[in-house]
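Q: Can you walk me through this one? I'd like to start with the helices and then jump around a bit.

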Amino acid sequence: MSEPGAVRVATYNIRNLRALDQASWWWRRRDRLGAALSAVDADIWGFQEVYQTQNRWLGTRAFGSGWEYCGRGRNRRGGGEMCPIWFRKSRFAVTGAAVRWFGETPARPGTRLLGARSPRLATVVEGYLRRVDQPFVVFNTHLDEGSQQRRLEASENLADWLTAEHAGKPAIVLGDLNCTLDQSPARPLMALGLRPVLNPDDGPTAHDFGKSPNPRQIDHIFVSEHWSITASRVVREAGNASDHWPVAADLEIQT
């Protein structure tokens with residue numbers, strides 16, 4: 001992207017490699033996933049359901065030495081699923097990074113919301129586009145699949161962190177929120193003035209490898225008022241590389 005303040009961002013639930021259904025087998029679909037990443041050609045990616053083996057593959061086979069990531073596994077010792085943020089080093093410079101767990105002790109690894117089967121977290125990266133002296137923050141997350149109430153509580157946590165630690169700063173939120181835009185977990189983000197890059201007419205993002213009788217738009221990118229949205233789409237060309245399609249957006253920061 002030629003404009004100094006322009007950046008392409010994307011979010012993608014790549015489906016964890018421990019799922020037992022044949023459509024999810026990692027070795028059968030990873031090359032298709034790599035082709036999808038190359039076709040989207042984003043500068044910043046937020047991924048969900050990523051195990052360490054998959055994250056290493058992203059670094060060595062999909063991206064290479066021109067990329068870096070921030071993130072860690074959600075479990076207490078660093079294992080389990082990650083929500084890494086990968087970025088092109090020639091475009092984006094990181095000045096700070098952190099991981100926050102949803103719950104009463106967000107700095108304690110493995111923290112869970114009450115009743116949650118697994119810990120859930122958000123990866124946070126602060127930085128700036130190398131040709132623009134304007135810092136911004138990127139969050140990437142994957143909300144609980146089992147409870148609307150836990151999704152709402154996590155979204156409220158996320159909104160609190162944005163307010164307390166990044167108030168007034170240009171912001172991007174990437175992730176699989178496991179909710180549509182008209183459901184309650186989206187409201188705390190929109191109450192902060194964040195707006196989604198998609199609208200409901202853009203269609204679903206989760207398709208269960210083409211088997212879902214009711215595919216839904218649950219993968220989202222939210223941006224603060226500091227960004228102009230020049231293009232956005234659900235990348236259906238990714239096919240069955242995962243049980244979700246990526247969402248990509250071309251943004252331009254207002255300096």
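Predicted model: local features only at pLDDT ≥ 70, side-chain atom pairs only at ≥ 80, totals over all residues.

Q: OK, which residues of α2 are buried?
A: Gln-54, Asn-55, Trp-57, Leu-58, Gly-59 and Phe-63. Buried means under 20% relative accessible area, exposed means over 50%, and partly exposed is in between, with a 1.4 Å probe and protein chains only.

Q: And what do those buried residues pack against?
A: They pack against α1, β2, β3 (67-70) and β4. Contact means heavy atoms within 4.5 Å.

Q: How do α1 and α2 cross?
A: Their axes come within 11 Å and cross at roughly 50°. That makes α1 oblique to α2. For the cut-offs, under 35 degrees is roughly parallel, over 145 roughly antiparallel, 65 to 115 roughly perpendicular, and the rest oblique. The axes are lines fitted to C-alpha atoms, for helices over the stretch in contact, with angles from 0 to 180 degrees between N-to-C directions.

Q: Left-handed or right-handed?
A: α1 passes α2 in a right-handed crossing. Right-handed means the near helix is turned clockwise from the far one by less than a right angle, and left-handed means anticlockwise.

Q: Which residues make the contact?
A: From α1 there are Trp-26, Arg-29, Arg-30, Asp-31, Leu-33, Gly-34 and Leu-37, and from α2 there are Gln-54, Trp-57, Leu-58, Ala-62 and Phe-63.

Q: Switching to rings: how many aromatic pairs are there?
A: The structure holds 12. One of them is Trp-26 with Trp-57, an edge-to-face pair at 5.3 Å centre to centre and 80° between the planes. To count as a pair, rings of Phe, Tyr or Trp (its six-membered ring) need centres within 6.5 Å; planes under 30 degrees apart are stacked, over 60 edge-to-face, and the rest tilted.

Q: Where do those two Trp residues sit in the chain?
A: Trp-26 is in helix α1 (residues 26-40) and Trp-57 in helix α2 (residues 52-63), so the pair links distant parts of the chain, 31 residues apart. Trp-26 counts as buried at 7% relative accessibility, and Trp-57 does too at 9%.

Q: What about Phe-63 and Trp-67?
A: Those two are stacked, 4.2 Å centre to centre with 15° between the planes. Phe-63 is buried at 15% relative accessible area, and Trp-67 is buried at 12%.

Q: On to charges: how many salt bridges?
A: A search of the whole structure finds 14. Each one is a side-chain nitrogen of Lys or Arg within 4 Å of a carboxyl oxygen of Asp or Glu.

Q: What does Arg-88 pair with?
A: Asp-43, with the closest N and O atoms 3.1 Å apart. Arg-88 lies in strand β4 (residues 85-88) and Asp-43 in the loop between α1 and β2 (44-48), so the bridge ties together parts 45 residues apart in sequence.

Q: Which residue does Glu-126 bridge to?
A: Lys-169, with the closest N and O atoms 2.9 Å apart. Glu-126 is partly exposed at 26% relative accessibility, as is Lys-169 at 23%.

Q: Last one: where is Thr-11?
A: Thr-11 is in strand β1 (residues 6-13) and is buried, with a relative accessible area of 0%. Beyond its neighbours within four places in sequence, its contacts include Trp-45, Leu-174, His-220 and Val-247.

Technical notes. Residues numbered from 1 in each chain as written. Heavy atoms only, no water. Helix = DSSP H or I, 4+ residues; strand = E, 2+ residues; numbered from the N terminus.
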